Amino acid sequence: MVCYFDSYNIQRYMLVKTYGSTLQGIDAITITIEVDVSSAGIRFHLVGLPDSAVKESQQRIEAALRSIGLTIPGKKIVINMAPADLRKEGAAYDLPIALGIAAASEQIKAPNIHKYIIMGELSLDGSIKPIKGVLPMAIQARKEGFEGFILPKQNAHEAAVVDRLKIYGVENINEVISFLSGRTDIEPTTIDTRKEFSQKQYLFDNDFSDVKGQESVKRAMEIAAAGGHNIILIGAPGAGKTMLAKRLSSILPPFTLTEALEATKIHSVAGTLARDTSLMTQRPFRSPHHTISDVALVGGGAYPQPGEISLSHNGVLFLDELPEFKRSVLEVMRQPMEERKITISRAKTTITYPSNFMLAASMNPCPCGYYNHPTKSCNCNPGAVQKYLNKISGPLLDRIDIHLEVVPVPFEKLAELKDGEKSESIRARVIAAREIQTERFKENPQIHANAQMSSRMLRTYCLLDKQGAAILKEAMNRLSLSARAYDRILRVGRTIADLDNSELVTATHIAEAVTYRSLDRESWGR
């Protein structure tokens with residue numbers, strides 16, 4: 001707080017600095033809020049590139065201060081939000097601005113206000129509403145050496161993931177003023193991150209033991225989970241495609257703390273974390289409707305936000321009824337699927353969101369749904385099957401490692417009382433295969449699974465014997481597969497070998513991998 005005088009006009013000036021934070025991508029930038037109150041006129045100036053929500057804060061602040069017996073003084077008030085060339089968005093700056101005005105007008109004493117990052121949206125009665133993006137804000141506050149973070153109580157658990165930073169969850173502005181003036185204490189929010197993380201890792205709503213039959217599909221999904229491969233299930237309505245896909249995340253390896261932190265940051269920025277959530281403990285499973293727009297899927301907008309592919313980071317993105325999605329929506333996924341990130345460019349900024357997701361998709365084999373059905377006949381016109389599949393481009397289909405036909409389960413299997421194999425058992429084999437891959441790629445930290453191997457790495461880790469090479473050559477010729485599909489078969493073969501704990505990729509492994517390309521675009525319907 002700075003107090004100074006104009007010796008000519010005998011005018012008094014008060015300057016107070018409070019600190020907030022803004023988001024850029026999934027990272028935070030500290031904002032300095034300078035509040036200057038002088039007796040030279042009656043005006044209210046808010047500068048520093050604020051958006052409409054920030055500009056409207058004057059009315060919310062005035063009502064909130066009045067509710068606790070304070071006022072916005074009838075003087076000249078200038079509020080500068082620095083850096084001034086960075087756009088400030090949202091109502092989360094209400095609380096630091098209100099406190100700055102109250103301190104600069106000497107209605108409260110807050111000598112240590114500069115030691116804290118302060119964020120929160122004010123209600124007209126002075127209560128504080130939750131905000132989004134507090135995890136990256138807390139990380140940045142610790143990095144810059146702030147003593148604590150004052151924020152809405154509903155967000156306190158989320159921010160408490162960050163150690164060596166005091167997290168003060170508050171419910172109303174009066175509580176904050178009492179704390180900053182030294183009249184009362186607020187107990188910092190603390191959590192045992194590792195304890196909460198370990199307790200909730202394996203609490204899944206869906207389990208593979210619920211699935212009757214479909215052993216070949218379960219095997220393919222185990223391979224997909226073990227190598228991080230994209231998978232598409234093709235089958236008639238009611239065959240169990242969606243049911244199987246929803247259980248995919250239950251056999252994936254558990255989050256590491258680093259992966260959980262990355263995913264939590266993204267969901268924090270998007271505002272999709274549940275209340276009182278500290279850290280995501282399970283890999284995300286996102287299933288957007290087929291009417292989704294390009295921007296909602298990949299991210300962006302006038303004020304960029306992460307899309308579904310980023311909200312699926314380190315988890316599963318499930319696209320049910322894939323041909324029903326707009327072609328333009330599907331095509332924008334191709335580059336993020338390869339690069340595992342999405343870069344959104346605007347005139348004044350460029351933001352990169354991570355998007356290392358596993359794609360699971362499902363579709364009917366034809367418009368009526370019964371092409372290749374074992375008991376029902378297809379009623380589609382000639383050429384309708386190929387036309388239906390043409391809704392999905394060849395390049396996109398090439399990026400899906402495993403194509404699998406799902407056939408309906410016979411009554412005898414459905415009527416069995418015996419449960420199938422539990423997700424826990426399948427997950428154990430998946431984890432063992434992933435550990436082999438972690439050791440294999442230990443000198444390439446950007447590679448985490450076989451699906452991410454480059455073509456050069458395939459020549460090192462997927463060498464074939466003569467029999468395996470002959471099988472692959474015949475498959476390439478008969479199925480008219482592309483060069484990208486050739487690489488996909490090698491990657492899947494390497495994963496099958498890892499599940500068998502085999503150092504070599506044998507002809508048996510390649511033969512099984514080829515069966516998972518049998519629904520390739522060029523061969524389907526012949």
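Me: Why is Glu-34 called partly exposed?

Reply: In this predicted model, Glu-34 has a relative accessibility of 23%. Buried would require under 20% and exposed over 50%, so Glu-34 counts as partly exposed.

Me: What makes the contact of Glu-34 with Lys-17 a salt bridge?

Reply: The closest N and O atoms of Glu-34 and Lys-17 are 3.9 Å apart. A salt bridge requires such a nitrogen within 4 Å of a carboxyl oxygen, and therefore the pair qualifies. Glu-34 belongs to strand S3 and Lys-17 to strand S2, 17 residues apart. Lys-17 is partly exposed, at 36%.

Me: Why are Lys-218 and Glu-215 said to be separated by about one helical turn?

Reply: They are three residues apart in helix H8, which means a separation of about one helical turn.

Me: How do you know whether Lys-218 is buried or exposed?

Reply: Its relative accessible area is 5%. The limit for buried is under 20%, so Lys-218 is buried.

Me: What else does helix H8 contain?

Reply: Helix H8 covers residues 215-227 and includes Ser-216. Ser-216 has a relative accessible area of 46%, which lies between 20% and 50%, so Ser-216 is partly exposed. Glu-222 is also in helix H8, and Glu-222 is buried, at 6%.

Me: Why is Arg-429 said to tie together parts of the chain with Glu-222?

Reply: Arg-429 lies in helix H18 (residues 423-440) and Glu-222 in helix H8, so their pairing joins parts that are 207 residues apart in sequence. The closest N and O atoms are 2.8 Å apart, and the cut-off is 4 Å, so this is a salt bridge. Arg-429 is partly exposed, at 34%.

Me: How many salt bridges are there, and which residues are linked in a network?

Reply: The count comes to 21 salt bridges. Glu-338, Arg-399, Asp-401 and Arg-488 are linked in a network of them.

How values were computed:
Residues are numbered from 1 along each chain as its sequence is written. This is a predicted model: local features need pLDDT of at least 70, side-chain atom pairs count only at pLDDT 80 or more; totals for chains, interfaces and linings use all residues. Side-chain values use heavy atoms; hydrogens and water are left out. Helices (H or I, at least four residues) and strands (E, at least two) are DSSP runs, numbered from the N terminus. Buried means under 20% relative accessible area, exposed over 50%, partly exposed in between (1.4 Å probe, protein chains only). A salt bridge is a side-chain nitrogen of Lys or Arg within 4 Å of a carboxyl oxygen of Asp or Glu.
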